[in-house]
Every structure is written in structure tokens, then in C-alpha cells.
Amino acid sequence: MAPGAKWLDAIWPHVRVQLPAAPALVIELGCGPVGGFVPFLRAEGYDAVGVDPKAPEAPDYVQTEFEHAELPRDVDAVVACTSLHHVAQPAHVIERMADVLASGGVAVVVEWAWEEFDAQTAEWSFERLRASDDAGWLHRRRDEWRASGDDWPTYLRTWAERHGLHAAGKLVPLLDARLRRRSLTRGPFLFADLAGTTEADEQAAIDAGRIGALRLDYVGVRG
């Protein structure tokens with residue numbers, strides 16, 4: 001199974017449990033070229049729309065940035081999976097998320113706390129990288145880091161700044177400013193790109209204190 005498919009299959013139950021019942025209207029912010037959770041949502045009877053400049057050219061998708069899309073109002077839920085740390089203006093995007101939600105509507109956000117990706121966690125993950133001719137993002141980070149000659153924290157900070165990534169620690173207060181927080185939890189993030197490593201395996205390493213929990217799951221409600 002490709003890492004992207006493994007990730008979506010594993011994270012879908014965490015997203016699904018937070019959503020209102022079908023046939024609720026759900027918009028996915030940053031669904032990506034494979035369509036994100038939209039196929040999962042449609043299969044379970046949801047009215048789902050994916051928004052992303054690289055979204056598939058197919059019904060139920062809008063190929064543009066979320067902040068520029070023509071969106072319905074009074075949406076039942078918005079899902080944003082590892083997308084907010086990429087957007088140009090997170091405060092504006094989160095404001096738009098809140099604005100399209102109906103009163104009582106739910107925002108389900110899955111994010112990467114890249115700023116907490118310390119050297120110990122990096123080494124643990126690099127030791128477990130799957131062999132692949134199509135190098136994934138973790139392969140690229142490992143190879144670029146080794147070529148840079150920098151220590152891991154310096155490389156990671158420089159890379160994140162170059163790509164304009166927003167820290168999860170700065171996204172949460174923006175979400176809290178527009179939504180009523182229902183839950184905020186942490187979990188495994190790296191397992192989909194690792195050989196012979198399940199979500200449970202990574203969680204066990206987190207629980208043992210060997211690595212950090214890099215996935216942030218935020219659920220908020222519009223009041």
C-alpha cells in the first residue's frame with residue numbers, strides 16, 4: 001500500500017468519529033491530488049466537496065485555494081488534514097472555515113507539529129524508512145539534512161522557513177479564536193512512510209518516551 005493510501009486509511013476513523021451523521025455537508029480543505037477523504041465521505045453517504053488547487057478533475061472537487069473558492073454557507077463540517085501549515089495566510093483561512101460553518105458546525109483539523117520534530121524522533125524514523133524507488137518526504141528530509149552538514153534542528157528550521165510552514169503551536173490559538181475547542185489530542189504521524197511500522201507501533205514508541213507525538217488532532221465547533 002502506498003504511504004498516502006496508508007495514511008488516509010489510518011486517519012479516516014479519527015476524522016469520521018468527529019463528524020455529524022450522514023448526509024451532512026462536509027467540505028475538505030486541501031484534499032490534494034488523490035482526493036483526500038472525499039471518497040470515504042461519499043461512500044458513507046455524505047454530501048462532500050474537496051477544495052484544493054491540485055484537486056482531481058472530477059465532480060465533487062473545486063480546483064482552487066480554499067480562501068478563493070465559492071463555497072456554500074451553513075456547512076455541517078469542514079475537514080483540514082495537514083493543510084493549514086501550508087496556506088499563505090492561516091488566520092484568513094481559519095476565519096473562512098468558521099464563516100462557512102453553520103451554528104454548531106464542526107471543524108476537524110489534523111496537523112503536523114513540525115516544530116517538535118526533534119533529532120531523537122528524526123533518527124528513529126530514518127532508521128525505519130521503507131525502501132522505495134519513489135522517495136517520499138521523509139527520504140528527502142533525511143538526504144537533504146545529511147547533505148547540508150547542519151545539525152538536525154538547524155536544518156529543519158531552515159527548511160521550514162524556506163517553505164513558509166506555520167508551526168502547529170501558532171495554528172491552535174488561531175483556531176481557538178474562531179471556534180469553541182471540543183478536543184485537542186496528539187498521536188502518531190510518521191508511520192505511513194516507515195517499513196513494518198503501524199500506527200500502534202509508533203504510539204508505543206511515543207508512550208515509551210522514545211519519540212515525540214507529531215500529529216495534532218483538533219476539533220472545534222462554531223458557536
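Modeller: Gladly, and a definition comes first: two strands pair if DSSP finds at least two bridges between them. Helices (H or I, at least four residues) and strands (E, at least two) are DSSP runs, numbered from the N terminus. This is a predicted model, in which local features need pLDDT of at least 70, side-chain atom pairs count only at pLDDT 80 or more, and totals for chains, interfaces and linings use all residues. Residues are numbered from 1 along each chain as its sequence is written, and side-chain values use heavy atoms, with hydrogens and water left out.

Colleague: Which residue in β7 is the bridge partner of V106?

Modeller: Strand β5 covers residues 101-112. It pairs with β7 in the antiparallel sense, over seven bridges. The bridge partner of V106 in β7 is V221.

Colleague: Which strands stand at the edges of the sheet?

Modeller: Seven strands form an open sheet with mixed pairing, in the order β3-β2-β1-β4-β5-β7-β6. Two of them each have a single partner strand, so one side of each is left without a neighbour in the sheet. Those edge strands are β3 (61-62) and β6 (180-187).

Colleague: What is the relative accessible area of R222?

Modeller: R222 sits in the segment after β7 (215-221). Buried means under 20% relative accessible area, exposed over 50%, and partly exposed in between (1.4 Å probe, protein chains only). R222 counts as partly exposed because its value is 28%.

Colleague: At what distance does the side chain of R222 reach the backbone oxygen of L101?

Modeller: Contact means heavy atoms within 4.5 Å, and beyond four places in sequence R222 touches residues including A98, D99, L101 and L179. A polar atom of the R222 side chain lies 3.2 Å from the backbone oxygen of D99. For the backbone oxygen of L101, the distance is 2.7 Å.

Colleague: Which residues of helix α4 are buried?

Modeller: Helix α4 spans residues 119-126. What covers its buried residues includes α5 (137-148), α6 (152-162) and α8 (199-207). The buried ones are T121, A122, W124, S125 and F126.

Colleague: How far apart are the C-alpha atoms of R222 and F126?

Modeller: F126 belongs to the buried group in α4, while R222 is partly exposed. Along the chain they are 96 residues apart. Their C-alpha atoms are separated by 40 Å.

Methods
A polar contact is a pair of N or O atoms within 3.5 Å; within protein, one must be able to donate a hydrogen and the other to accept it, and residues adjacent in sequence count only if both atoms are side-chain atoms.
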